[in-house]
Amino acid sequence: MANLSWLAEQRIQEAMRNGEFEDLPGHGKPLELEDLSGVPEDLRMSFKIMKNAGILPEEIILRSECVTLEGLLAACHSSGDPGEMKSLRTKLTAKRMRLQELLRERGLESSSVFIEYGEQVRQHLLNDEK
């Protein structure tokens with residue numbers, strides 16, 4: 001096995017010297033590595049597959065919508081429009097209730113790992129809003 005590894009390394013080095021990798025997309029650019037350290041280990045693969053497919057989990061979408069509504073509510077609070085504030089509060093309450101129902105259905109409401117991850121997602125979304 002070590003001989004095969006050595007042979008592969010020699011061929012790679014030779015191809016690099018001959019410039020065979022220079023026309024590859026992304027040549028000379030830094031790798032874009034995904035930081036999945038904040039995602040619980042048992043959820044990483046499924047989240048990566050969903051992300052590659054362009055699909056977000058419903059709980060992430062709901063959390064994002066809650067953060068957006070909270071920001072709108074704060075902006076509305078400073079402008080003092082009571083009708084708009086009531087409408088936003090109603091929407092926010094509905095989103096939060098759906099999120100709690102979803103977490104309960106999936107058995108995640110009491111998962112300390114998921115709660116910690118949810119808080120990290122919330123902080124990330126709050127930072128993106130600023």
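Mentor: Let us begin with a definition: the expected span of a helix is 1.5 Å times one less than its number of residues. Please keep in mind throughout that this model is predicted.

Trainee: How many residues does H3 have, and what distance does H3 reach from its first C-alpha to its last?

Mentor: Helix H3 has 22 residues and reaches 31 Å between those two atoms, which is close to the 32 Å expected. For H1, with 16 residues, the reach is 23 Å, close to an expected 22 Å.

Trainee: How many helices and how many strands does the protein have?

Mentor: The secondary structure comes to 5 helices and 0 strands. Along the sequence, the pattern reads α-α-α-α-α.

Trainee: What share of the contacts with a separation of 6 or more comes from residues 24 or more positions apart?

Mentor: Such pairs account for 56% of those contacts in the protein.

Trainee: I turn now to burial. What percentage of the residues in the protein is buried?

Mentor: A residue is called buried when its relative accessible area is under 20%. Of the 130 residues in this protein, 21% are buried. The protein exposes about 10100 Å², and carbon and sulfur atoms supply 56% of that area.

Trainee: Which residues of H3 are buried?

Mentor: The buried residues of H3 include Ile60, Leu62, Cys66, Val67, Leu69, Leu73 and Cys76.

Trainee: Which residues make up the largest nonpolar core?

Mentor: That core has 7 residues: Cys66, Leu69, Leu73, Cys76, Met85, Leu88 and Leu92. Helices H3 and H4 each supply at least two of its residues, and the largest share, 4 residues, comes from H3.

Trainee: Leaving aside neighbours within four places in sequence, with which residues is Cys66 in contact?

Mentor: With that exclusion, Cys66 is in contact with Leu92, Lys95 and Arg96.

Trainee: Why does Leu62 count as buried?

Mentor: The cut-off for burial is under 20% relative accessible area, and Leu62 counts as buried because its relative accessibility is 6%. Leu62 lies in helix H3. Beyond its neighbours within four places in sequence, Leu62 is in contact with Lys95, Arg98, Leu99 and Leu102.

Trainee: How should I read a salt bridge, and how many does a search of the whole structure find?

Mentor: The general idea is that side chains of opposite charge can pair when their charged atoms come close. Here, a search of the whole structure finds 5 salt bridges. One of them joins Arg98 and Glu58, with the closest N and O atoms 3.2 Å apart. This pair links distant parts of the chain: Arg98 is in helix H4 (residues 82-105), Glu58 is in helix H3 (residues 58-79), and the two are 40 residues apart.

Trainee: Are Arg98 and Glu58 buried, partly exposed or exposed?

Mentor: Arg98 is partly exposed, at a relative accessible area of 27%, and Glu58 is also partly exposed, at 32%.

Trainee: What separates Glu101 and Arg98 in helix H4?

Mentor: In general, an α-helix has 3.6 residues a turn, so residues three or four places apart point the same way. Glu101 and Arg98 are 3 residues apart in helix H4, so about one helical turn separates them. They form a salt bridge in which the closest N and O atoms are 3.5 Å apart. Glu101 is partly exposed, with a relative accessible area of 36%.

Trainee: Which residues do salt bridges with shared partners join into one network?

Mentor: A further salt bridge pairs Arg98 with Glu105, at 4.0 Å from N to O. Through shared partners, Glu58, Arg98, Glu101 and Glu105 are joined into one network. Glu105 is exposed, with a relative accessible area of 53%.

Trainee: Lastly, which residues form a nonpolar patch on the surface?

Mentor: Ile12, Met16, Phe21 and Leu24 form such a patch, with about 350 Å² of accessible area together. Of these, Met16 is found in helix H1 (residues 2-17) and is partly exposed, at 46% relative accessible area.

Note on methods: Residues numbered from 1 in each chain as written. Predicted model: local features only at pLDDT ≥ 70, side-chain atom pairs only at ≥ 80, totals over all residues. Heavy atoms only, no water. Salt bridge = Lys/Arg side-chain N within 4 Å of Asp/Glu carboxyl O. Buried < 20%, exposed > 50% of the residue type's maximum accessible area, 1.4 Å probe, protein only. Patch = residues over 30% accessible without salt bridge, like charges linked within 9 Å, V, L, I, M, F, W, Y side chains within 5 Å. Areas by Shrake-Rupley, 256 points an atom, 1.4 Å probe, with all protein chains shown as cover. Core = buried A, V, L, I, M, F, W, Y, C linked by side-chain atoms within 4.5 Å. Contact = heavy atoms within 4.5 Å.
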